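The chain under discussion is shown below.

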Amino acid sequence: MSSHREAPEISKDPVADSTDVYAFVSPNAPDTVTLIANYLPLQGPAGGPNFYEFGDDVLYEIHIDNTGDGRPDVTYQFQFRTTVTNPDTFLYNTGPILSLDSANWNRRQTYTVTRVDASGRCTTLGHDLACPPCNIGPLSTPDYPSLAQAAVHDLGRGRTVFAGQRAEGFYVDLGSIFDLGNLRPFQNLHTTFNIPGLVLPAEQGVNTTAHLNVHSIALQVPIKDLTRDHWHGGNPADPRAVIGVWTTASRRKVTVREVEAGRDEENGPFVQVSRLGNPLFNEVLVPMARKDEWNALPPSDDKRFAQYVAHPELAGLLPVLYPGVFPNLAALDAAGTSRADLLAILLTGIPSGIIPGFQNNTGTVQADMLRLNTAIKPSANPNPLGLLGGDLAGFPNGRRVADDVVTIELRAIAGVTYALVATYTPDAAAGVVTDFIPPVPGLPAYLPTFPYLPVPYSGYNFQS
């Protein structure tokens, strides 16, 4: 749900479909920021014989805005190349893959990382960097963690990169939420539309993304590589501490299908086909008819969509779906109140004076970006509810891999955060609404070090 199949056109192109973006001060290297962009959503691990991979014909980018205009000041580009070593076999591998240069591995990917600054100057940080294979099973990839670790590349000057398959670290009850806004822990209060004989008792949520994989691009770089004027200080109130982060995927403007050659030829400039900053923005806030438009635009144009943040459809639906549970939210919505809290959280950042010791404001330009205050150190005891849980290092201050962004945003839309900017009493349910009753079932084991996302599930061990 974070951005899995979030728009009609990009849902047909999973290789270019971004699922999640993360940006956080690295807990084991606090002078650096870790940036992660995930693609290829909802992968069933048993994907042979054609296992998942990045697109050679896609330009993947992670952008950083450090001046508050919703345009990139630093961009990291990733371009991939696939090599088939044995054209006479249908197999992905012909024996155990024990190293990244194994002769048994038939279809491998390498990539180039390029840094582009605000003036357009390009610097190649690494080339011919190896991706790991997909996690196939105990015979093909008997020591997958070692293979993945070998694909963590040191780029020098405190920069580290990884690109390859990871376990899906995002958790959500997709099957329930998109069944007319049903939240299993509260479904006994759902209207159920008066369907005769239908009784839904409250129950534990289901982690729909458990045992699925994604493809991750992860980069760890010094904070000064990202901030305005290469600033690296300890004052969270300094505006130079805040950066905005988003990812895009682009394809060539012209595609020609070469039938006899059995491949497509692409020409012309790259055109953006996918974008992601804050989780759920396009998926839940932007209406269906404008989702593809949103994917093609830069964050600097997001004032076109501010009306959907100020008056989110879901805020009007919750009182209808759960009669009597959200009376204060219903009154707020009926009055046509503009949600200044959501506009700040998602489009400008939270200014100083709202939350003690915190701000991640980037100015007046309305732009959907993850906003990270790099002067706030990692938490010794991270709370998955981030700012709502009193943890200043968590979402919406950037986003860490274990942050429960669905619960945070559900509670924000339900009215919890409106009390920060106006005289308002949130409904009691707004502070507890969630799609899970902790602990979340099927949650994978995050890594304590880069690239933090878990080892991918193997096809052999996969059970649907």
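## Helix α6

The face of α6 turned away from its buried side carries two exposed residues, Glu313 and Val320. Here exposed means over 50% relative accessible area, buried under 20%, and partly exposed in between, with a 1.4 Å probe and protein chains only. Helices (H or I, at least four residues) and strands (E, at least two) are DSSP runs, numbered from the N terminus. The model is predicted: local features need pLDDT of at least 70, side-chain atom pairs count only at pLDDT 80 or more, and totals for chains, interfaces and linings use all residues. Residues are numbered from 1 along each chain as its sequence is written, and side-chain values use heavy atoms, with hydrogens and water left out.

Helix α6 spans residues 313-321, and its buried residues are Leu314, Ala315, Leu318, Pro319 and Leu321. Seen down the axis of α6, these buried residues fall within an arc of 170°, so they line one face of the helix. The arc is that of the directions from the helix axis to the C-beta atoms. The buried residues of α6 pack against α3 (281-285), α7 (327-334) and α9 (405-413), where contact means heavy atoms within 4.5 Å.

## Helix α9

In α9, 9 of the 9 residues are buried, so this helix is largely enclosed by the rest of the structure. The buried residues are Val405, Val406, Thr407, Ile408, Glu409, Leu410, Arg411, Ala412 and Ile413. What covers them includes α2 (174-177), α3, α6, α7 and α8 (340-348). After α9 comes Gly415, with a positive phi near 115°.

## Pockets

The largest pocket has a volume of about 630 Å³. Pockets and cavities are found on a 1 Å grid over the protein atoms alone: a cavity is a set of points where a 1.4 Å probe fits but cannot get out, a pocket is an open set with protein on both sides within 12 Å along at least five of seven lines, and lining residues have an atom within 4 Å of a point. Grid points are joined across faces, edges and corners, and a volume is the space filled by probe spheres set on the points. Of the 26 residues that line the largest pocket, Ile177, Phe178, Val284, Leu314 and Leu317 lie nearest its centre. Both α3 and α6 supply at least two residues of this lining, and α6 gives the most, with 6 residues. The lining of the largest pocket divides into 19 nonpolar, 2 polar and 5 charged residues. In this count Ala, Val, Leu, Ile, Met, Phe, Trp, Tyr, Cys and Pro are nonpolar, Asp, Glu, Lys and Arg are charged, and the others, Gly among them, are polar.

The second largest pocket has a volume of about 350 Å³. It is lined by 20 residues, with Phe24, Pro27, Pro382, Arg400 and Val401 nearest its centre. Its lining divides into 15 nonpolar, 3 polar and 2 charged residues.

## Cavities

The structure holds 4 cavities of 30 Å³ or more, and the largest cavity has a volume of about 80 Å³. Among the 15 residues that line the largest cavity, Tyr52, Glu53, Tyr92, Gln109 and Pro132 are the closest to its centre. The elements that give two or more residues to this lining are β5 (107-117) and β8 (159-167). By class, the lining of the largest cavity divides into 8 nonpolar, 4 polar and 3 charged residues.

Thr160 is in strand β8 and is buried, with a relative accessible area of 17%. Not counting residues up to four places away in sequence, Thr160 touches Val152, His153, Ala218, Leu219, Gln220 and Phe450.

Asp225 is found in the loop between β9 (213-222) and β10 (242-258), and is buried at a relative accessible area of 11%. A polar contact of 2.9 Å joins its side chain to that of Arg159. A polar contact is a pair of N or O atoms within 3.5 Å; within protein, one must be able to donate a hydrogen and the other to accept it, and residues adjacent in sequence count only if both atoms are side-chain atoms. Leaving aside neighbours within four places in sequence, Asp225 is in contact with Val74, Tyr76, Arg115 and Arg159.

## Backbone geometry

Most residues other than glycine have a negative phi, and most peptide bonds are trans. The peptide bond from Gly48 to Pro49 is cis, with omega near 0°; Pro49 is in the loop between β2 (32-43) and β3 (59-65). The bond from Phe395 to Pro396 is also cis, with omega near 10°, and Pro396 lies in the loop between β12 (370-373) and α9.

Asp128, not a glycine, has a positive phi of about 55° and lies in strand β6 (residues 122-130). His211, not a glycine either, has a positive phi of about 70°. His211 lies in the loop between α2 and β9 and counts as partly exposed, at 37% relative accessibility.
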